[in-house]
Amino acid sequence: MFSDTGHNWKQYRQEDSIGVFPGNSNADSVVHYKLQQPVIARYLRLIPLDWNQNGRIGLRLETYGCPYSSDVVSFDGSSSLLYRMSPRRRQTAKDTISLKFKTLRNSGILLHAEGHREHSLILELERGKLFLDLRQGQRLSADSQRLVSLGSLLDDQHWHYISVERLNTHLNITVDRSTQQVQVPAGPSHWDIDQLSVGAEQNHRSLRPVSSQSNFHGCLENLFYNGLNLIHLAKQRDHRVTVVGNVTFICTEPLSIAVTFTSPKSFLQLPGTTDLSLGGMSVGLHFRTWNKAGLLLTFDLPKQEGVVWLYLSKARLHLHVHKDGRAPVELSTGSGLNDGQWHSVELSSSQGHLSITVDGEEGATAHASPTFPISLGGCLIFGGCPTKDSSQECRNPFSVFQGCMRFLTLGSQPVDLIKVPQRLQGNYNQLQIDMCGIIDRCSPNPCEHGGRCSQSWSTFHCNCSDSGHSGATCHSSLYEQSCEAYKHKGNMSGHYFIDLDGSGPIRPQLLYCNMTEEKTWMVIQHNNTELTRVQPVTGKTQHSAYFGYSSEEEQLAAIISQSEGCEQELAYHCKMSRIFNTPEGSPFSWWVGGPGSGQVQTYWGGVPPDSQQCTCGLQENCLDPKHHCNCDADRTEWANDSGLLSHKETLPVRSVVLGDLSRPGSEVAYMVGPLRCHGDKNFWNSAFFDKETSYLHFPTFHGELSADISFLFKTTASSGVFLENLGIKDFIRIELSSSSEVLFSFDVGNGPLEVRLEAGIPLNNNRWHRVQVERNVKEASLRVDALPAVSQEAPADGHIHLQLNSQLFIGGTASRQKGFRGCIRSLQLNGVTLDLEERAKITPGVRPGCPGHCSSYGSLCQNQGRCVERPRGFSCDCGLTAYSGALCQKEVSAIFKSGTSVHYIFQEPFDVGRNSSTPPTSIFSDMTLRGENISLNFRTSQSPVLLLYITSYYREYLALLVNKYDKLELRYKLESSRDAEVLRSGVRNLANGQLHSLTIRRQARAVSIQLDQNVEEKFNLTSDVDFNGINSLVLGKVHESDVLDPDVAQLASLGFTGCLSAVRFNTINPLKAALLHPDTSSVIITGPLAQSHCGSSSPANPYSSETTHHQSDKSGSMGTGQPLVNAIRSDSGLIGGVIAVVIFVTVSALAIMARFLYRRKGTFQSQEVMTVKADDTAELPFNSQAGSQKVLSENQKEYFI
């Protein structure tokens, strides 16, 4: 401990822990110890913590120091110094003010610098913290702005260092060892200080302080302004210095003896004084603490007839008086008394009046009039009770007090606490006397990302709500870093919070993730995604449009950098408005894009940057071969130069400048779509370590106070080191210690600390497993996959800085022992991804990339979709399922009208070994089934109604229907000579308009029916088990029903009205083939049929099957019709429902196209209908390959009417 007065000692701390150093172990050796932080003091105090067990106690101490000069000045709260500066000839790029101060008061103005441009800077203490305020204008109408707050508990009567440095437009403010930089507003970028007031805010025209209550009371030392010693000038009575009030050049300070209650066993016992003639008493004290509860004082009433407790509870002051046979007396006052500030307490009792007062006149008082006198009956005990073996009888039903006390008074006499450790007065235990050891653990704030810090005497707590992060210090992000990561957790399209750099400084943002395609798209909106029409305005030759994005600038840059690719649609329609066809060669129109403010871009559509052409120029099909854009043909009809911008370095589009609008008849319509980015380069970045001696090395990891590391691994080995980084003594290591255990170990100077997690399952199963570790000043934690995290608390008052200096080893160690064999992927340290693949390309024994993702992610392919390996990830093949979508999760549904019919013809694959002369009928008649698997979902209000019908060449059939009792009937006719067998389900109300799920399985004669969540029903057929020569499957209306029974034939002719989805017969998906591949020869569609969301059992996600329509996809580049202004909106910027707009234009030129779409795609007018899109290529049985290719090429087109 150290002091400059011999009182008010301060604990020396290193790295925010108690400074401890070893002594000598014999009489001859010398131990040198260099302090990490210099100490300026006149007195040192050593506290032995342990003694040498062998030998005698002894000490010889020498200290080494440096010369130190000191100029001090003391202010009494009504005095100050005023410095008038000499005018400077030129502005300087740097100004500096530095000083030291000490005070017992928690508020007061240290400096007030005033300039001639009516701006001033004020350096002020407020509740023990230092604030720097900027004031502009006259005082009465001044506009004050608080620039920064630093420090805490600065009223501890110890010297504190302050430096304010201006570097051009920035200010660096330092308090002790903490520095913060702030931006200076434009006005006072140069100080131009006319006068500098020290200790008070002076009136410019007089020498009186503006407010004496805000003046500084304490001492200043070594006050320098740009190297000029201002205190020395005041001593020399320089003409530039004016002394106001009683200013002395020695540090005169009151003697303040404080005691610190450090532990639950701390207490202070003092003898009481009793004036029985008056029957009264008074006790006073000051305290400061972070705890909401604790016993301040207790004493017995005379003759031990009762007891008095003065205590804190819920940060309020309470007084409880208990006397045998009397009603207890209870008082409470004050609030928020655990704020770390000094609070005064006065307890007095006299002549039947009892009161407790907090913070004197500025605080609050509670009164009572007890029916019995309250006075001291013995000693007073502060903080807590002595141990039970003590002769003093003490009861404490409340928490113990941990904090500081000073200014203790009994009656009107102060207590000399120096006598206590001298055993001249009272008794104590585990007290720090003549010092206040309070620590502000929330300054600087250990809670990251805007977390709110609160504290008790021994620890702190971070409230991470609304921060988007979690953990002891709000360090780890709650959100994934990309849409790709959400997709691989099994999520569907929707809005998600994306935290691009994890624990880094970039804030999370809410973005829309489109997962309906094979690529996962991240959609970033801006303020105008509608098609906007621009007409000539008199006197104006250009039109400019600026786009503000929902993401911040650093978020945009991170999205584009992290994504594998980005695109943005730029639609441009023109009529007598040219782009590049100018007389002087400079373009009429351009757009600005790229990072920051962007750069001018002179290319349009999908052409290379700086090419000064449009898509038609690249394809050599422009309207005028002399020009490279359709608009440069300068026609009076509408033309189109639209396309997708896909060069990341020129995105996003910041603004569009449109020219050539001054001529009569000139007109333009433009639209800039949302920025869409796909993929995540970090998510799949991986390396394969094929030897235990192989490793990758990177620069030293810097995570001194907080560190988080996350990665995925896949291995068949039972152990190995994932990561290691060493220092001189410190280290950090993560390893697979056994086939089911991960070990996280590190040392920050307190000895090795280990965090182990036993998974309980094999981790070497060649599947991806995620490891997340975090280490901060409070705890270390380890999580594997979705298992509960394991954590270890950091030692109290221990070292906290992790100091590493070697290279970071991945997949091995510095000694090349216990290396890891397997794959490591997506390795991130404090939110920064290490590029394993690039480093692996130049490292022997390590290969970039890791194959085999389906073993871990294959389960994401739903509804029996097949997982397909990709170099960087996987995809789901939905061809053999009745579903579509990126994860085969999207039900293929359709609305049926009474005239709708889907006729699927079964065909066999062509067999080159079969006799080509065999008649087709005999070939198909060989298709015999001994069992079926049928599944479908349906929704209808019609009964009776036929759901599904399967025919045979041998007049056999299978019919599935809902009868007139709203029950399911399954009819099998497997022998042409016998009547059909009818299997009836007992489940009722199937025509209630709700969605029902149906599964039918037959194996020979055994038949089972599963309806919704009802019990499976089982039946047995009595007829033949062979379903011979199956021919076709019909959904909806049956046009040829001569084989059916009369009642079923009548139903078949009426058709089906309702919804069918996910229809599957064995390996055949007839409804999917009809909707997504209507041109195949196996499918015949009659009547209106179009895809719908009707098969969803829950309200449809409005974005679940989102399709982005591009203006550039319009067929043709020119026409007489005008562009559809406001007809195109962002598909992911709307929330709450599906907006499906079908616009029929009666213009004769488009009527033929509408008729074509109606026939070829089976589109019909319905509010539930969406445009049919070829989501995937179904591998349809009995279908020709040529037919499938034809379907794909046709369905890739999108039509705009």
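Select K323 to start: at 13% relative accessibility this lysine counts as buried, because the cut-off for buried is under 20% relative accessible area, with exposed being over 50% and partly exposed in between (1.4 Å probe, protein chains only). K323 sits in strand β24, residues 316-323; helices (H or I, at least four residues) and strands (E, at least two) are DSSP runs numbered from the N terminus. Now show side chains and pick E305: the side chains of K323 and E305 make a polar contact at 2.6 Å. A polar contact here is a pair of N or O atoms within 3.5 Å; within protein, one must be able to donate a hydrogen and the other to accept it, and residues adjacent in sequence count only if both atoms are side-chain atoms. Leaving out residues up to four places away in sequence, K323 touches L301, E305, G306 and F372, where contact means heavy atoms within 4.5 Å.

A word on what you're looking at: this is a predicted model, in which local features need pLDDT of at least 70 and side-chain atom pairs count only at pLDDT 80 or more, while totals for chains, interfaces and linings use all residues. Residues are numbered from 1 along each chain as its sequence is written, and side-chain values use heavy atoms, with hydrogens and water left out.

Zoom out for the overview. The protein has 11 helices and 83 strands, and 51% of its 1201 residues are buried. Of the contacts between residues at least 6 apart in sequence, 68% join residues at least 24 apart.

Next, go to S3, in strand β1 (residues 2-3). Buried or exposed? S3 is buried, with a relative accessible area of 3%. A polar atom of the S3 side chain lies 3.1 Å from the backbone nitrogen of T5. Apart from residues up to four places away in sequence, S3 touches N8, W9, A41, R42 and Y43.

Now for some empty space. Rolling a probe the size of a water molecule over the atoms shows where such space is left. On a 1 Å grid over the protein atoms alone, a cavity is a set of points where a 1.4 Å probe fits but cannot get out, and lining residues have an atom within 4 Å of a point. To find the largest cavity, select I97, L111, L121, L123 and L132, which lie nearest its centre among the 10 lining residues. Strands β8 (108-115) and β9 (119-126) each supply at least two residues of that lining, with β9 giving the largest share, three residues. How does the lining divide by residue type, and how many of each are there? The lining has 10 nonpolar residues, no polar and no charged, with Ala, Val, Leu, Ile, Met, Phe, Trp, Tyr, Cys and Pro counted as nonpolar, Asp, Glu, Lys and Arg as charged, and the others, Gly among them, as polar.

Jump to helix α3, residues 553-562, and colour its buried residues: Q555, L556, A558, I559, I560 and Q562. Their cover includes β39 (509-514), β40 (521-524), β43 (565-575), β48 (653-658) and β50 (675-678). On β39, click Q509, which is buried at 5% relative accessible area. The side chain of Q509 reaches that of S551 in a polar contact of 2.4 Å. Beyond its neighbours within four places in sequence, Q509 has contacts that include Y496, Q555 and I559.

Most residues other than glycine have a negative phi, and most peptide bonds are trans. L651 and P652 are joined by a cis peptide bond with omega about 0°, and P652 is in the loop between β47 (643-645) and β48. Another cis bond joins S943 and P944, omega about -5°. Then select C888, whose phi is positive, near 55°; C888 is buried at 0% relative accessibility. Last stop, D1012: phi is near 50°, and at 25% relative accessibility D1012 counts as partly exposed.

Definitions and conventions
1 Å grid on protein atoms, 1.4 Å probe; cavity = no way out; pocket = protein on both sides within 12 Å on 5 of 7 lines; lining within 4 Å.
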